[in-house]
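Dear colleague,

Please find the structure below.

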Amino acid sequence: MAQVIYDHVTKRFDGVIAVNDLTLEVKDGEFLVLVGPSGCGKTTALRCLAGLEEVSSGDIIIGDRVVTHIPPKDRDIAMVFQNYALYPHMTVYENMAFGLKLRKMPKQEIDRRVKEVAEMLGIQDLLNRKPRQLSGGQRQRVALGRAIVREPQVFLMDEPLSNLDAKLRVQTRGELIKLQRRLGVTTIYVTHDQVEAMTMGHRIAVMNQGVLQQLDTPENLYDHPANLFVATFIGSPAMNIFPARVVTGEGAVRLVAGDVTLESPAEQRGRLAEYANREVLVGIRPEDLIVQPGQVGEDRHLRLPVEIVEPLGSETLVHLRGPVGTLIAKADPHVHFSPGELASVRVKIEHLHAFDPQTELALF
Amino acid sequence: MTTAPAGTVRQVMSFRLRDRVRHWLDSEPVLAYLFMSPGWLILLLFMSYPFFLGIWISLTDRTVGLPSGEFVGLRNYTELFRDRTFHLTVINTFIYGFVTVPFKLFLGLLLALLLNQAFPMRNVLRAALLLPWIVPTALSSLAWLMLYDAVLSPFSWLLKNWGLIESNIAFLGTRTNAIISLCIANIWRGTPFFAVAILAGLQAVPQELHEAAAIEGANRVQRFFAVTLPVIKGIVVITTLFSIIWTFADFQLVYVLTKGGPANSTHIFGTYAWQIGIGGAGKLGIGAAISLYMFPVLAVLSAILLRYVRSQEA
């Protein structure tokens, strides 16, 4: 077990910067998720750690060893690939034993380890099968087992669940979390799926265009996104964003968007006042818009027309025609909304977010 | 009304016929045979007919120029047992067919592995590799004829210039030299086939498998045996069998380079059958018998090949 450090790591491919000055510390035993849209550099970052890509500059440290120029086999890591990369002509047993054989481990020890891990993963009955005789979920387990038997310092996982169907993915996600907590091996997990990121990681590193955007716990990432990208990337449906003008006067700070005026959250007045008479980007999560059908509620509630209603069973998404563009609100599934009608909307002011329109950094 | 006008009856019948044909064509087995029939026809006309005609001729004493011959049973076959040239022919064919293949396989594999690496101008080189295979053998054999020329051979010239030999090498002048020369030309011509086929197989090896093996601690050689070879094994087996079959049944290269000489010592089945049957003596019956001696070997090889292909499909 070991910590992992990316120290100002940059990776260029023919002039394209895939990973840009990444500095990141993964604690011993931590489950860290690298998440971001495709092409954000998360997989490249993982491959640099594995030694499958040579870094252009910077250093990678595993444990207390600088491994930047050490070949993959000497880094004491194990990787689970998206397509599992099982050797097609070997049985499950041989697949799992391959790495141990290369390390010249005694036969009995190999046998003991393979059987122990196979039992842990519930694949002990599949040991004599070839990969093509297995289902997707079983292959995934074998790939995982092959990594575990090696007892490496670090697990690297590159979208290991993305080839499974939705139901199996949720189930395997849970098993993977339990397994990691039980083995306590430092794990770096790459995914583009923000639900996977939120549910699995101790901490999440959000990447975009090769740059680390924010490294934080799932809760902090959701509640206190560092910038506009993280705010809109994490959360489904995405955070509502609209421009608003900051108006000060009469001892109050207000946000004005179209014909809607919102009071600033009390503790953020000072921060907002710096933007007096300028525009900021206001963010509000769908669950922080409390909607009710009709014109009920107090006067200070907004009255917005309903555009589309999406009943999802556990909740209903109501698309509202906002002052600037559409706002999406999460509503009680048992309340009925009709398109075209007005709805009464209360904004949870204390949960408002604001971003600088130029830097896109969060003001709060 | 008990009778219908004649015209209506005819119409009804023609409708029925059309319906029946349509129904018939809708049936999958009928359609399958229909679609296969052109292929069968070509096979029958150009393969089966000559093959069975060949068997018949081999049982007669037919000669070129005479309309037909007498049935002589297996005499042509038994006579060949006493023919020293035929003994040499059998030995030559086996040398030619089996000795060249390991070289072609090894060189082809090596070339394929090289061409599978990333380097500038790779595609140009890959295309160039195919040249020996694309150029008509009759033509490239002429080039080899020049290279092996007793007087003008550039090989001899080079070796003499470097002071390695005193006088020109008689590449095609003695049996041993000629057979080695034939084998080299055959290896040159056959290697690209192996290289291209294996290269195609190499490209089917998922990169992830190599990466997984590299992480698990396999070096290049171990990765070749653990990852690459199992994936390309099928292609290697099929290519090898094909190559043996083609080399066994070769004609052009030997015909152009040595015509079976010197002193009929480098014949293979194809060239000897031609010489006896058509070229010199015109003894069609014996010529046919010679080429039919190839049949059991080719049949066994083809059977192995087909079995292997089927086992891979299963």
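In strand 17 of chain A, Val318(A) is the bridge partner of Val309(A). Strands here are DSSP runs of E with at least two residues, helices are DSSP runs of H or I with at least four residues, and both are numbered from the N terminus. This is a predicted model, in which local features need pLDDT of at least 70 and side-chain atom pairs count only at pLDDT 80 or more, while totals for chains, interfaces and linings use all residues. Residues are numbered from 1 along each chain as its sequence is written, and chains are lettered from A and ligands numbered from 1 in the order in which they are written.

Chain A is divided into domain 1 (4–233) and domain 2 (240–355), with bounds that come from an automatic or database domain assignment. The centres of the two domains of chain A, taken over C-alpha atoms, are separated by 40 Å. Five residues of domain 1 of chain A are in contact with five residues of domain 2 of chain A; contact requires that the C-beta atoms of two residues, placed from the backbone, lie within 7 Å.

In chain B, helix 2 (residues 28–58) packs with helix 14 (residues 284–292) at an angle of about 120°, their axes being 7 Å apart. Axes are lines fitted to C-alpha atoms, for helices over the stretch in contact, and angles run from 0 to 180 degrees between N-to-C directions. Helix 2 of chain B and helix 14 of chain B are therefore oblique to each other (under 35 degrees is roughly parallel, over 145 roughly antiparallel, 65 to 115 roughly perpendicular, and the rest oblique). Among the residues that meet are Gly54(B) and Ile55(B) in helix 2 of chain B, and Leu284(B) and Ala288(B) in helix 14 of chain B.

Finally, the contact between the chains takes 16 residues from chain A and 14 residues from chain B.

Yours sincerely

Technical notes: Pairing = 2+ DSSP bridges.
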